[in-house]
Amino acid sequence: MVPPLVPRARILIADGAAGTAQIAEFERDRRELIRRGLGLGGAVIAASSIPLLLSVRNAFAATDNDADILKSAITLERTAVLVYGAAIDSKLLSEGFGEVARRFRDHEKEHADALITALTDLGGTPPAPPSAKDIEGLNDLKSQGDVANFAIELEMASLAAYYDAQGKLADAKLLQAGASIMANEAQHLVVLRQTVKRDRVPNAFETGAK
Amino acid sequence: MDLDRFLRDPLSRRRFFRMSGVSVAGGSAMFLAACGGDDTDTPATGPDESDAADVEILNSALDLELMAVAAYKAGAMLLKGEVLAVGRQFLEHEQEHADGLATAIKDAGGRPNRSKPSYDFPQLKSQTDVLRFAVDLENTAIAAYIDALPKLGKGDLRATASAIVANEAEHVAVLLGALGEQQVPDAFVVGKAA
């Protein structure tokens, strides 16, 4: 349970310098994600992808600049498009869950497109798109449950990143869009959690934290 | 009182939107447009916004949360089985939001509003009525929070308000599922401004 309206400690790396305690916290997060990723469903679930997701989150936390936050968010959303796309192509999914994955992939694509438009309007250039091979653990998924658990990790990392960003974004419309995207990712989590029979809404504050 | 009229009417909701001073985006297309460019009608705010402004916004949000607590309590008697368990869980969440907002208001030097002695809810006759009413209340809250978000002066409050929006959106997904409807209909969750 998240203490109401008390900000969680975040990884704040100003000008590239991080305190020992901040680095230690980041390491705890990373190790915890990897531990849970390894433990879910008895399969090795994309341990190698988790540092990628955390690096995106860290990139959010490392800047107060709207354009840089947008670039990181674009990478995060494009990563999600790749993950759902790989899941759809995996032949591991039931017809029903396949439809869910296609819907969620389309949502992530809509997010990415909107963020790219926003970045372009700010005069920025979108980052190079990630590659599926950057998410090596995807090939280790062996069942629909593995896919759902992996997608849960992905969506949680995404939520945590947006939660960090929401305290930093300066532009009013980007703030509103960020909250709207966070809310959509949270709804994805509800469906994914019910697929693997987890508590669908375990916390009153959905921050991407456990 | 019918549901639409009720959702248009509550004083707290009107105050909340008035404080926010921005119009709600009605769908993903608007969000695509909103993401780019012109923000002349929604000036960004920074950490210099006064605590007093935050207190007023937070108290309006608190009014909505207290109303949601009352609504889930009122609807519980019509819920059964798993849906009743869901209603109880969501009631606890709304109470946690209210408690958190009250704490933040006190921290900012304000006095938290209290729940009203009674709420003039529409007549609910079935579990389906309760679920639909809850969906509408949750969507109204989402729209109100998203509207108000840029007016909150402190970054931590904006982040936490976003976490509440995400939780309310989760509630909507579960409630829509209980109604047998598409749980995640849109890529951009903007709630519903009545």
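These legends walk you through several close-up views of a two-chain model.

The model is predicted, so local features are described only at pLDDT of at least 70 and side-chain atom pairs count only at pLDDT 80 or more, while totals for chains, interfaces and linings use all residues. Residues are numbered from 1 along each chain as its sequence is written, with chains lettered from A and ligands numbered from 1 in the order in which they are written.

**View 1. Chain B as a whole.** Let us start with chain B, which has seven helices and zero strands. Helices here are DSSP runs of H or I with at least four residues, strands are runs of E with at least two, and both are numbered from the N terminus. Along the sequence the pattern reads α-α-α-α-α-α-α. Chain B has 194 residues, and 48% of them count as buried. A residue is buried if 20 or more other C-beta atoms lie within 10 Å of its own, exposed if 12 or fewer, and partly exposed in between, with C-beta atoms placed from the backbone. Among the contacts in chain B with a separation of 6 or more, 82% join residues 24 or more positions apart. Two residues are in contact if their C-beta atoms, placed from the backbone, lie within 7 Å.

**View 2. Helices α4 and α5 of chain B, side by side.** Two packed helices are described by the angle between their axes and the distance between the axes. Here, α4(B) (residues 51-75) and α5(B) (residues 81-107) pack at an angle of about 160 degrees, with axes 9 Å apart. The axes are lines fitted to C-alpha atoms, for helices over the stretch in contact, and angles run from 0 to 180 degrees between N-to-C directions. The two helices are therefore roughly antiparallel; angles under 35 degrees count as roughly parallel, over 145 as roughly antiparallel, 65 to 115 as roughly perpendicular and the rest as oblique. The crossing of α4(B) and α5(B) is left-handed, a term for a near helix turned anticlockwise from the far one by less than a right angle, with clockwise giving right-handed. Residues in this contact include B:Leu58, B:Leu62 and B:Val69 of α4(B) and B:Phe90, B:Leu91 and B:Leu101 of α5(B). By class, the contact has 15 nonpolar, five polar and three charged residues. Ala, Val, Leu, Ile, Met, Phe, Trp, Tyr, Cys and Pro count as nonpolar, Asp, Glu, Lys and Arg as charged, and the others, Gly among them, as polar.

**View 3. The length of α4(B).** This helix has 25 residues and spans 35 Å from its first C-alpha to its last, close to the expected 36 Å. The expected span is 1.5 Å times one less than the number of residues. Helix α4(B) is mostly covered, with 18 of its 25 residues buried.

**View 4. B:Val135 and its surroundings.** B:Val135 sits in helix α6 (residues 127-148) of chain B. This residue counts as buried because it has 20 C-beta neighbours inside 10 Å. Leaving aside residues up to four places away in sequence, B:Val135 touches B:Val172, B:Leu175 and B:Leu176. B:Gly191 is 56 residues from B:Val135 in sequence, and their C-alpha atoms are 9.5 Å apart.

**View 5. Where the chains meet.** The contact takes 44 residues from chain A and 48 residues from chain B. On the chain A side, α4 (95-121), α5 (144-166) and α6 (172-195) each supply at least two residues. Helix α6(A) gives the most, with 19 residues. That side has 24 nonpolar, 12 polar and eight charged residues.

**View 6. α6(A) against α7(B).** Helix α6(A) packs on α7(B) (residues 155-178) at an angle of about 40 degrees, with axes 8 Å apart. This makes the pair oblique, and their crossing is right-handed. Among the residues in this contact are A:Met182, A:Ala186 and A:Val190 of α6(A) and B:Val165, B:Ala169 and B:Val174 of α7(B). The contact divides into 13 nonpolar, three polar and two charged residues. Of the 24 residues of α6(A), 23 are buried.

**View 7. Two lysines with positive phi.** Most residues other than glycine have a negative phi. A:Lys91 has a positive phi of about 65 degrees and is found in the loop between α3 (66-89) and α4 of chain A. A:Lys91 counts as exposed because it has 7 C-beta neighbours inside 10 Å. A:Lys197, in the segment after α6 of chain A, has a positive phi near 60 degrees. A:Lys197 is exposed too, with 9 other C-beta atoms within 10 Å.
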